[in-house]
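Please open the model in your viewer and colour it by chain, so that each selection on this tour can be made in turn.

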Amino acid sequence: MDFYLITLVKMALTAIVLLTCCAYAVWVERKVLAHIQLRPGPYFVGPHGLLQPLADLIKLLTKEGIVPSHVNPFFYLIAPFLAVTLGLTSIVVIPFTPPFEVLGHQVALGLTDLNIGVLFILAISGLGVYGIAIGGWASNNKYSLMGSLRSSAQMVSYELPLALAIAAPLLSINSLNFRQIVNAQEGFAFGIIPHWSIFAGPVPQILSFLIFITAAFAETNRVPFDLPEAESELVAGFHTEYSSMMFASFFMAEYANIITICCVATALFLGGWHPLWPSAYGSDLVPVVLLAGAGLMLLFHAVHAARRRTWDRFSFPVFGLLFLGLAPLFLIPVLKPVLIPFFWFVAKAGFLVFVFIWIRGTLPRFRYDQLMRFAWTFLFPLAVANLLVTGLVVALTGN
Amino acid sequence: MDALLFLVFAAIAVGCAINLVLQTHPISSALSLVGVMGSLAVLYLLLGGEFLAAVQLIVYAGAIMVLFTFVIMLLNAGAEKKPSRKVLSTAVALPLLFTLAGIGAYFAATQTPSADVVKFGAFTAGPLEIGRALFTRYLLPFEVTSVLILIAILGAIVLARKEI
Amino acid sequence: MQLPLPLPAQVPLSWYLILSVILFVTGAAGFLLRRNIITVFMCIELMLNAVNLTFIAFSHQLKQVDGNLFAFFVMVVAAAEAAVGLAIILTVFKNRSTLEVDEVSSMKL
């Protein structure tokens with residue numbers, strides 16, 4: 001019975017944290033895009049728009065959910081549900097910290113420890129296309145149908161380079177279990193270069209990391225591969241006919257997919273919770289310095305506020321003191337084995353999420369034929385070549 | 001727990017399979033088939049076929065069935081208009097099929113020792129075991145299937161050209 | 001966990017085989033009675049899936065990995081078959097603009 005109880009609590013916690021992260025990923029995306037385009041972004045709901053996700057949620061929840069008369073109601077309603085369920089599912093196999101001890105129990109952040117974790121991720125992301133495909137088809141609208149047709153072709157095509165890019169680092173790691181994959185990347189070459197998949201191993205997997213990230217953009221329908229919802233050609237693509245919570249479900253599914261795929265990239269290529277340089281050279285102090293620096297900066301700006309009449313006068317000191325209060329937590333010996341690895345994992349995954357947004361603010365959209373040609377004539381052969389070379393080197397070095 | 005899981009997912013599989021046959025619209029049939037495949041993947045897990053369960057979802061549900069839905073959407077196939085077949089052929093076919101099912105079930109029930117139960121965890125065919133067998137004993141069939149896939153790709157390209 | 005139902009804790013092998021028979025016969029029924037060429041094709045896939053279930057059940061029963069491998073090969077062949085079959089369906093639809101199997105009976109266009 002204990003097992004079921006612990007699992008239920010973990011599931012609820014993971015779902016809440018992931019949904020909150022999705023909501024704030026939207027805020028971060030809007031802020032970063034705004035600053036790339038030299039505008040302030042959401043500003044008025046809460047300090048610096050921090051309560052904007054909450055306002056959006058209330059707006060979407062209270063809006064009327066319209067089911068147009070020309071749609072197939074069963075498939076129209078099940079599609080967003082399918083999308084969000086599959087989007088939130090695949091996070092369960094990601095481990096966030098090494099095991100630690102709480103009240104005599106060995107626990108670790110992360111829901112399950114599947115032996116076939118990598119295959120599970122591939123399976124769920126392969127099913128993810130159904131939400132979009134069915135939604136677009138059931139809407140009975142030519143733009144939606146075009147969007148879902150594009151999406152099914154695109155996702156099937158980009159799954160191949162994605163899977164081949166995942167396979168290459170696994171050749172030397174010899175496991176499909178994420179915890180073992182992360183454990184295999186522990187340590188430092190020459191005492192300073194981390195033993196992550198992209199740096200170390202028989203063949204540094206930097207190429208397959210780039211292939212993986214490129215294919216991940218296509219899998220999550222993000223710019224420059226957001227053809228299924230290309231608003232300049234297809235109105236809004238597959239979710240043209242959707243409104244209120246059904247639209248929000250598609251939206252959440254997209255952000256949940258981005259967060260999951262960034263966690264997968266972190267665990268597979270960037271060494272999971274292992275730090276960038278050895279703790280002997282003070283890598284444990286990074287979160288302390290970052291938090292304390294952010295806190296001091298906020299306090300400084302609270303004193304020398306640029307705009308006197310905004311929320312900043314109250315919110316800056318509060319957040320500054322909060323950050324300053326959080327910083328020493330990373331120095332407490334009891335909490336250290338949990339917080340430091342968790343910090344590194346979140347930092348790497350968060351950086352990748354930032355890269356996703358950065359690229360969206362930088363690159364234009366591909367044309368559809370360019371997208372397909374890129375997948376089949378460039379990315380796929382490159383992934384095969386990379387896998388072959390890695391396999392050859394692993395075989396020759398007698399691993 | 002094992003029995004409960006089996007019954008639930010067997011019921012889903014049979015329900016989806018019957019729905020596949022009864023639905024007139026191909027896309028409903030396709031999604032029912034995805035339901036069958038998903039529940040079969042859970043049954044594979046119960047039988048210890050970890051790798052096959054994942055491959056079932058990746059290859060069957062995630063690629064083959066996506067291709068089916070793609071083609072159905074591309075052709076904009078509507079529901080079947082006429083009643084399926086003449087009454088006579090249905091009247092002949094259904095009893096024969098039920099007889100076939102009865103014979104199969106009878107042999108399945110009597111020819112296997114009733115002491116044989118499926119114990120979850122008694123046997124696992126993970127990626128390691130599958131890979132070892134695939135690249136040693138079954139190497140030749142494995143290579144032959146790669147040729148088969150190559151031929152299938154060529155065939156699909158030739159068929160999909162405009163001139164035919 | 002104790003269940004409130006009069007169920008065996010573990011399922012006999014024959015239940016899996018009976019399930020497979022039911023799925024196979026359902027697929028055969030659809031194959032014989034349906035007219036839409038895509039649905040007929042999907043019924044074939046259903047029959048292949050039913051057979052895969054027996055392979056994996058026997059693999060578990062005999063504690064040998066071979067059954068899993070047969071199922072694996074069936075999947076590979078099914079993938080190749082789907083690619084070619086769907087290409088044929090596309091060509092047929094392009095030339096005759098119908099998906100009804102009965103209407104594709106003449107050899108000439």
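A salt bridge, as the term is used here, is a side-chain nitrogen of Lys or Arg within 4 Å of a carboxyl oxygen of Asp or Glu. Keep in mind throughout that the model is predicted.

With that rule in hand, select Asp66(C) and Arg137(B) and show their side chains, which meet in a salt bridge with 3.1 Å from N to O. Across the interface of chain C and chain B, the rule finds one salt bridge, while the count of residue pairs in polar contact between these chains, both partners being at pLDDT 80 or more, is seven.

Next, select the side of chain C that touches chain B, and colour it by secondary structure. At least two residues each come from strand E1 (11–12), helix H1 (13–33), helix H2 (37–62) and helix H3 (66–96) of chain C, and of these H3(C) gives the most, with 25 residues.

Finally, show both chains as surfaces and take in the interface as a whole, where 78 residues of chain C are in contact with 85 residues of chain B. The size of an interface is often given as the accessible area lost when the parts come together. Chain C and chain B bury about 7300 Å² between them, with 77% of that area on carbon and sulfur atoms.

Note on methods
Residues are numbered from 1 along each chain as its sequence is written. Chains are lettered from A and ligands numbered from 1 in the order in which they are written. This is a predicted model: local features need pLDDT of at least 70, side-chain atom pairs count only at pLDDT 80 or more; totals for chains, interfaces and linings use all residues. Side-chain values use heavy atoms; hydrogens and water are left out. Contact means heavy atoms within 4.5 Å. Buried area is the accessible area (1.4 Å probe) that two parts lose on being put together, summed over both. A polar contact is a pair of N or O atoms within 3.5 Å; within protein, one must be able to donate a hydrogen and the other to accept it, and residues adjacent in sequence count only if both atoms are side-chain atoms. Helices (H or I, at least four residues) and strands (E, at least two) are DSSP runs, numbered from the N terminus.
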